[in-house]
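Visitor: Hi! I'm new to this one and would like a friendly walk through it. Could you show it to me?

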Amino acid sequence: MTSLPLPDRPPHRPKHRWLAAIVVVLLIAVPAGYLVLSAHQSRESGKDKQRDAAATGLVWQWPSKVERRIYEVPIPQGASYVAHYERNAWERSSFYVQFRTSRERLKTFLEEAGGDPAELRAGREGVGDRQADVVGWDLGLPGHRYEGARIERPGERPDLEITVDVTEEERLRVYVVSTVEF
């Protein structure tokens with residue numbers, strides 16, 4: 001029995017090592033990068049939620065789109081000095097929002113909220129004293145003129161109480177409380 005001669009070349013190595021390296025990098029680095037980015041975003045989101053949950057008064061920033069959608073408060077584009085506060089309980093949750101806007105944008109806000117701008121009248125109750133005290137609103141300042149309205153929605157949709165400080169016609173101050181009952 002004769003043995004076959006062994007070849008003089010080394011074991012098989014891929015001819016395109018760079019292609020194999022790229023494939024390995026893509027299979028490892030891309031998912032790892034995605035995990036790092038996802039973890040960072042999740043952590044930042046948690047910090048925002050923690051800050052909002054710990055708030056004991058108004059937070060001076062726009063509420064999230066989710067909050068605006070849940071409580072059905074369509075803050076008009078171009079509104080300034082926007083602040084909000086959410087208060088939750090077993091049977092009722094309330095969402096407090098304040099902003100400044102123009103008369104035209106206030107009309108649009110009321111229509112989008114399902115109300116009639118003509119219902120906003122002087123002497124009419126909007127946000128009640130108890131509700132205003134929760135966030136420290138003083139809606140009875142001497143020398144200020146206020147108009148109020150209430151938008152009652154059918155079913156389980158939130159009701160809105162609205163008070164508008166119309167002292168400065170160009171810069172109306174709008175105070176809204178949206179209440180959901182369970």
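Guide: Let's begin with what a pocket is: on a 1 Å grid over the protein atoms alone, it is an open set of points where a 1.4 Å probe fits, with protein on both sides within 12 Å along at least five of seven lines, and its lining residues have an atom within 4 Å of a point. Grid points are joined across faces, edges and corners, and the volume is the space filled by probe spheres set on the points. This is a predicted model, where local features need pLDDT of at least 70 and side-chain atom pairs count only at pLDDT 80 or more, while totals for chains, interfaces and linings use all residues. Residues are numbered from 1 along each chain as its sequence is written, and side-chain values use heavy atoms, leaving out hydrogens and water.

Visitor: How much space lies in the second largest pocket?
Guide: About 230 Å³.

Visitor: And which residues lie nearest its centre?
Guide: Val 127, Asp 129, Leu 139, Gly 140 and Thr 163, out of 17 lining residues. Helix α4 (129–135) and strand β4 (146–151) each supply at least two residues of that lining. Helices (H or I, at least four residues) and strands (E, at least two) are DSSP runs, numbered from the N terminus.

Visitor: How do the lining residues divide into nonpolar, polar and charged?
Guide: Five are nonpolar, six polar and six charged. Here Ala, Val, Leu, Ile, Met, Phe, Trp, Tyr, Cys and Pro count as nonpolar, Asp, Glu, Lys and Arg as charged, and the others, Gly among them, as polar.

Visitor: Switching topic: how many salt bridges does a search of the whole structure find?
Guide: Nine. A salt bridge is a side-chain nitrogen of Lys or Arg within 4 Å of a carboxyl oxygen of Asp or Glu. One of them joins Arg 157 and Glu 72, at 2.5 Å from N to O. That pair links distant parts of the chain, 85 residues apart: Arg 157 is in the loop between β4 and β5 (159–165), and Glu 72 in the loop between α2 (65–70) and β1 (80–88).

Visitor: What about Arg 150 and Glu 161, how do their side chains meet?
Guide: In a salt bridge of 2.0 Å, N to O. Arg 150 sits in strand β4 and Glu 161 in strand β5, 11 residues apart.

Visitor: Is Glu 161 buried or exposed?
Guide: Glu 161 is buried because its relative accessible area is 7%. Buried means under 20%, exposed over 50%, and partly exposed in between (1.4 Å probe, protein chains only).

Visitor: Which residues are linked in a network of salt bridges?
Guide: Arg 103, Arg 145, Glu 147 and Glu 169. Within it, the closest N and O atoms of Arg 145 and Glu 169 are 3.6 Å apart.

Visitor: Which residues form the nonpolar patch on the surface?
Guide: Trp 18, Leu 19, Ile 22, Val 23, Val 24, Leu 26, Leu 27, Ile 28 and Val 30, with about 900 Å² of accessible area together. Patch residues have over 30% relative accessible area and no salt bridge; like charges are joined within 9 Å, nonpolar side chains (Val, Leu, Ile, Met, Phe, Trp, Tyr) within 5 Å. Areas come from the Shrake-Rupley method with a 1.4 Å probe, and for residues only the protein chains shown count as cover.

Visitor: Where is Ile 28?
Guide: Ile 28 is in helix α1 (residues 17–54). Ile 28 counts as exposed, because its relative accessibility is 56%.
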